[in-house]
Amino acid sequence: MSSTVTAAREDSPDYSSEEPTSEYTSFQSTSPTSSDARGVDYYIPASLPSASPAPSVISLSESLYQSSFRQAYDRLVNNYSDLYHLPADDEEIERLDMQHLLFTSAMGPLPPMAEVLADDGSPKAALDLGCGSGSWLYDVANEYPHCLTVGVDLVPVTRLDLPRNARMEVDDINLGLEHFYDQFDVVHARLISLGIKDYAGLIDQVSRVVRSRGVIAFTESNYLVYDANKQVMDVTSPDQTVSAIAVLYHHIVRSVRKRGANIDAASLLHRWIGQHNAYEDVVYRDIWLPTSPFLPPDAEDAHRLNFIGELLRQDLRSFLKSVRVLLLSSGMPEFEVDELRGRAWKELETMQPPMWAKVQSVYARRKPKQ
Ligand SMILES: C[S@@+](CC[C@H](N)C(=O)[O-])C[C@H]1O[C@@H](n2cnc3c(N)ncnc32)[C@H](O)[C@@H]1O
């Protein structure tokens, strides 16, 4: 199962000036980013999988589009993977767009990317695994117009503002990446562990996807919450002062683990990549994120960190809604989920207790291939 939802190859027709026809799925989106281009109904041009050397372009039919989603409680989730169980609707896409701003503010550009994607006359390509709203793809495609950018996700995400050098494909990464071997100079993956069965195996697959001296970049959350001193918060204490956000994260980890996904990937990324014989120049980074803008103005780097804290606070408000589906599906009683969410919401509003989250990130270069 793989289909491209935004075609941008040389051999694909230019859709930018066409009106939607009955061949194309048309739907209303509330996502501000995806309505930029024309502010009208959306349509989904689609082509065959990238496995084909010169894909012909077909439409993604209404029924194929509809069959990508199913209802779970009050949200839409993807219909292909039993592992990944966060919503896949417009509300989630908006959350991911905002989260992208949070990550670009907190992490800055990926250091080796400018060198690897420099326009030196050879064809360049970048791949985003689990591309979500497509915002990383959008940025890279715009910054490197000579570079083909491809995003893969479980659901078709349609944004008409994607440049012509970007396209998205619908596929389950767990099924393998053979059709991408030796095609990319950059492979990026961020916050996909909730949908990955064998993350170490994925890192191995990526070593075949990325070209010689290309760069890979993986970033994952460890789904732990830290106190003001950056110590992991204990969620097992019967003490009523235990943070509801920390308890919710604890339940998220349990639910995801029960589904069989690699929720522990964040802390293992460095080992998996560092010990893999295909990679070199491995760089590990911890990125600390305040969960609200709680830093006093005279604290070091307070202005930037409080900006990030405000973004994460907004992201978490929305995430607390998103994880409801996951937790209810795992059998957690509704009253318990909602009581915890209510307390978590209050913690975000009052910024009490002050808390940090951490993402773990590794980038590396592919050793020259023989
Ligand atoms: C939390 S979102 C992150 C999106 C994006 N990487 C970002 O950082 O904004 C996780 C995304 O990964 C996708 N995903 C999870 N498991 C996947 C899989 N096995 N194959 C393809 N996409 C997957 C989900 O559908 C979702 O869009």
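**Notebook: helices, core, ligand shell**

I began with helix α5, residues 199–209, and found Tyr199, Leu202, Ile203, Gln205, Val206, Ser207 and Val209 buried. I call a residue buried if 20 or more other C-beta atoms lie within 10 Å of its own, exposed if 12 or fewer, and partly exposed in between, with C-beta atoms placed from the backbone. Helices (H or I, at least four residues) and strands (E, at least two) are DSSP runs, numbered from the N terminus.

I note that this is a predicted model: local features need pLDDT of at least 70, side-chain atom pairs count only at pLDDT 80 or more, and totals for chains, interfaces and linings use all residues. Residues are numbered from 1 along each chain as its sequence is written.

Next I looked up what covers the buried residues of α5. The cover includes strands β8 (124–129), β11 (184–190), β12 (210–221), β13 (279–290) and β14 (356–366), along with helix α7 (265–274). A contact here means C-beta atoms, placed from the backbone, within 7 Å.

**Overall**

I counted nine helices and 14 strands in the protein. Of its 370 residues, 44% are buried. Among contacts with a separation of 6 or more, 71% join residues 24 or more positions apart.

I checked pLDDT, the predictor's confidence in each residue from 0 to 100. Its mean is 84, and 83% of residues reach 70 or more. Over residues 3–58 it stays under 50; the model has 107 contacts beyond four places in sequence for them. Where pLDDT is low, the predicted coordinates should not be read in detail.

**Core**

A nonpolar core is a set of buried Ala, Val, Leu, Ile, Met, Phe, Trp, Tyr and Cys residues joined through C-beta atoms within 7 Å. The largest has 89 residues, and Leu127, Phe184, Val186, Val187 and Ile216 have the most contacts inside it. Helix α8 gives the most to this core, nine residues. I followed Val186: leaving out residues up to four places away in sequence, Val186 touches Met113, Val116, Leu117, Ala126, Leu127, Gly214 and Val215.

**Helix α6**

I then turned to α6, residues 244–259, which holds Tyr249. Tyr249 counts as buried because it has 21 C-beta neighbours inside 10 Å. Beyond four places in sequence, Tyr249 touches Tyr223, Leu224 and Val225. The buried residues of α6 pack against α8 (302–329) and α9 (334–350).

I checked the helix's span too. At 1.5 Å a residue, its 16 residues should span 22 Å, and the end C-alpha atoms are 23 Å apart, which agrees. The expected span is 1.5 Å times one less than the number of residues.

**Ligand shell**

I listed 22 residues around the ligand; Gly130, Gly132, Ile173, Arg190 and Gly195 come nearest. A residue counts as near if its C-beta atom, placed from the backbone, lies within 6 Å. Helix α2 (90–107) and strand β9 (147–153) each give two or more residues to this shell. The largest share, three residues, comes from α2.

Most residues other than glycine have a negative phi, and most peptide bonds are trans. I found a cis bond from Gln352 to Pro353, with omega near -5 degrees. Pro353 lies in the loop between α9 and β14. Tyr73 has a positive phi, near 55 degrees, in the loop between β6 (69–72) and β7 (75–78). Asp301 has a positive phi near 60 degrees and counts as exposed, because it has 9 C-beta neighbours inside 10 Å.

Notes. Contact = placed C-beta atoms within 7 Å.
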